[in-house]
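Here's a quick walk through one model, with an eye on charged pairs, a sheet and a core. Have the coordinates open while you read.

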Amino acid sequence: MNLKLIEARESPEKFKKYKQNNSSHLSKSKEKLEVDYNYYICDFCGKEIRIEKDWEKRTGGTYKVPMSIWPRGSLKIAVHNSCLEATIQEIEEKKRVL
């Protein structure tokens, strides 16, 4: 995890996954691309985190790291729920090195 890049950005970037259309790139149909879903990339493991409206379906999201853990400024990270504890431990270890 590169904390310098995370510290430099304001917030995690949202990406869009588009629905697959069955038309060929050679066809003349002008279909608009439809967004299937939005997602973040986990800062710890690098996998997709779907942005869901229902909180029961969410597997992760954005997290603002408190000043008690990272005193050099605010960090806003995108992580899975399962990666959160390991991410905080890694940030604390890197804080001790700095």
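Which residue forms a salt bridge with Arg-9, and how far apart are the closest N and O atoms? In this predicted model, the partner is Asp-43, with the closest N and O atoms 2.5 Å apart. Arg-9 sits in the loop between α1 and β1, while Asp-43 sits in the loop between β2 and β3, so the pair ties together parts that are 34 residues apart in sequence. Arg-9 is partly exposed at 27% relative accessible area, whereas Asp-43 is buried at 17%, because buried means under 20%.

| Salt bridge | Closest N and O atoms |
|---|---|
| Arg-9 with Asp-43 | 2.5 Å |
| Arg-72 with Glu-7 | 3.4 Å |
| Glu-48 with Lys-17 | 3.4 Å |

Take the salt bridge between Arg-72 and Glu-7. Arg-72 is in the loop between β4 (60-65) and β5 and Glu-7 is in helix α1, so this pair links parts 65 residues apart in sequence. Arg-72 counts as exposed, at 52% relative accessibility, and Glu-7 as partly exposed, at 24%.

Now for Glu-48 and Lys-17, which also form a salt bridge. Glu-48 belongs to strand β3 and Lys-17 to strand β1, so the pair ties together parts 31 residues apart in sequence. Both come out partly exposed: Glu-48 at 31% relative accessibility and Lys-17 at 32%.

β1 and β2 (residues 35-41) are joined by 4 bridges, and Lys-17 has Tyr-37 in β2 as its bridge partner. Another 3 bridges join β2 to β3, with Tyr-40 partnered by Ile-49 in β3. The hairpin of β2 and β3 has 6 residues between the strands, and Gly-46 there takes a positive phi near 85°.

What about the nonpolar side? The largest nonpolar core has 15 residues, and Leu-3, Trp-70 and Ile-91 are among those with the most contacts inside it. α1 (3-8), β5 (75-80) and α2 (84-97) each supply at least two of its residues, with β5 giving the most, 4. Setting aside neighbours within four places in sequence, Leu-3 is in contact with Trp-70, Leu-75, Ile-91 and Lys-94.

Conventions: Residues numbered from 1 in each chain as written. Predicted model: local features only at pLDDT ≥ 70, side-chain atom pairs only at ≥ 80, totals over all residues. Heavy atoms only, no water. Pairing = 2+ DSSP bridges. Core = buried A, V, L, I, M, F, W, Y, C linked by side-chain atoms within 4.5 Å. Buried < 20%, exposed > 50% of the residue type's maximum accessible area, 1.4 Å probe, protein only. Contact = heavy atoms within 4.5 Å. Salt bridge = Lys/Arg side-chain N within 4 Å of Asp/Glu carboxyl O.
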